[in-house]
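Student: Please take me through one part of this model at close range. I would like a single connected account, with the numbers.

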Amino acid sequence: MRKPIIAGNWKLNKTISQAVDLVTELQALVADVSEVEIVVAPVFTALSAVAAALKENRIGLSAQDLYWEKSGAFTGEVSAELLRDAGCSYVIIGHSERRQYFGENNEMVNKKVRSALDAHLAPIICVGEHLAERQAGKTESVIEDHVMGAIEGLSANQLLTSVIAYEPVWAIGTGQVATPDQAQEVHAHIRRLLAGKYSKEVANQIQIQYGGSVKPANATDLLSQVDVDGALVGGASLEAESFAGIIAAARRN
Ligand code: PGA
């Protein structure tokens with residue numbers, strides 16, 4: 001059985017003290033939750049402070065990006081080792097905002113995924129089609145391109161340390177959530193691709209999250225789909241109560 005994983009992507013929000021307040025409030029709300037893997041992803045500058053505020057390992061810490069080199073003359077970048085040093089055990093990689101605004105492509109995503117795994121960070125690998133691609137009937141081929149590009153060269157064990165987040169770009173921050181059927185269809189497609197490359201057994205073990213306008217009100221229906229193992233949450237993760245509401249929905253499934 002796959003454990004549900006609910007991750008909060010805080011994006012470019014929250015000062016250090018706001019981030020600490022949010023995680024402190026959240027911890028109180030999820031104090032008795034052990035059957036859901038909970039992750040929060042603050043901005044780089046708040047990582048250490050949030051790590052210090054996290055107690056009992058009930059919530060995992062994630063960064064929102066990394067650079068694949070370990071160290072050196074790469075002004076402005078942060079490596080996987082430094083993220084571990086700051087207390088992270090996860091890192092979001094290949095988010096559509098990174099692909100869209102910062103020119104990330106599959107090759108860069110793959111290098112980032114490998115460097116995360118080398119440093120024992122679990123990559124949360126984001127894939128997803130644009131609206132025009134969906135309308136042109138290209139969803140499956142775009143997803144195949146993103147997934148296969150990101151995991152190129154990974155062993156089965158490395159894949160199983162990773163999480164895949166299906167995030168249709170048209171659903172991110174728009175309030176236009178995918179229907180449970182649309183999410184299920186793509187998640188099943190991803191699992192089929194992984195079964196083909198590795199094995200059915202491996203494909204059945206990896207956690208695949210849905211992301212894009214997940215709220216407490218729609219989480220139950222999405223999470224009840226057989227191949228939806230959790231959520232990557234943006235807007236609704238910025239308030240402890242709404243994020244805890246999504247965690248509660250994952251618990252009920
Ligand atoms: P959203 O963002 O929940 O605000 O749509 C999701 C994401 O970008 O990870």
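Tutor: Start with helix H9, residues 180–197, in this predicted model. H9 has 18 residues, and at 1.5 Å a residue it should span 26 Å.

Next, burial along H9. The buried residues are Ala183, Gln184, Val186, His187, Ala188, His189, Ile190, Arg191, Leu193 and Leu194. An α-helix has 3.6 residues a turn, so residues three or four places apart point the same way. Gln184, His187, Ala188 and Arg191 from that buried set also turn up among the contacts of Asp227.

Asp227 sits in the loop between helix H11 (216–223) and strand S8 (230–233). Its relative accessible area is 12%; the cut-off for buried is under 20%, so Asp227 counts as buried. Beyond its sequence neighbours up to four places away, Asp227 touches Arg2, Gln184, His187, Ala188, Arg191 and Ile208. With Arg191 there is a polar contact: the two side chains meet at 2.6 Å.

Now the ligand. Its shell holds 13 residues, and Lys11, His95, Glu167, Gly173 and Ser213 come nearest. By type, the shell splits into four nonpolar, seven polar and two charged residues. For a polar side-chain atom of His95, the distance is 2.7 Å. For a polar backbone atom of Gly173, it is 2.6 Å. For a backbone N or O atom of Gly234, it is 2.8 Å. On its own the ligand has 280 Å² of accessible area, and the protein covers 96% of that.

Definitions and conventions
Residues numbered from 1 in each chain as written. Predicted model: local features only at pLDDT ≥ 70, side-chain atom pairs only at ≥ 80, totals over all residues. Heavy atoms only, no water. Helix = DSSP H or I, 4+ residues; strand = E, 2+ residues; numbered from the N terminus. Buried < 20%, exposed > 50% of the residue type's maximum accessible area, 1.4 Å probe, protein only. Polar contact = N/O pair within 3.5 Å; in protein donor to acceptor, adjacent residues only side chain to side chain. Contact = heavy atoms within 4.5 Å. Expected span 1.5 Å × (residues − 1). Near = heavy atom within 4 Å. Areas by Shrake-Rupley, 256 points an atom, 1.4 Å probe, with all protein chains shown as cover. Nonpolar A, V, L, I, M, F, W, Y, C, P; charged D, E, K, R; others polar.
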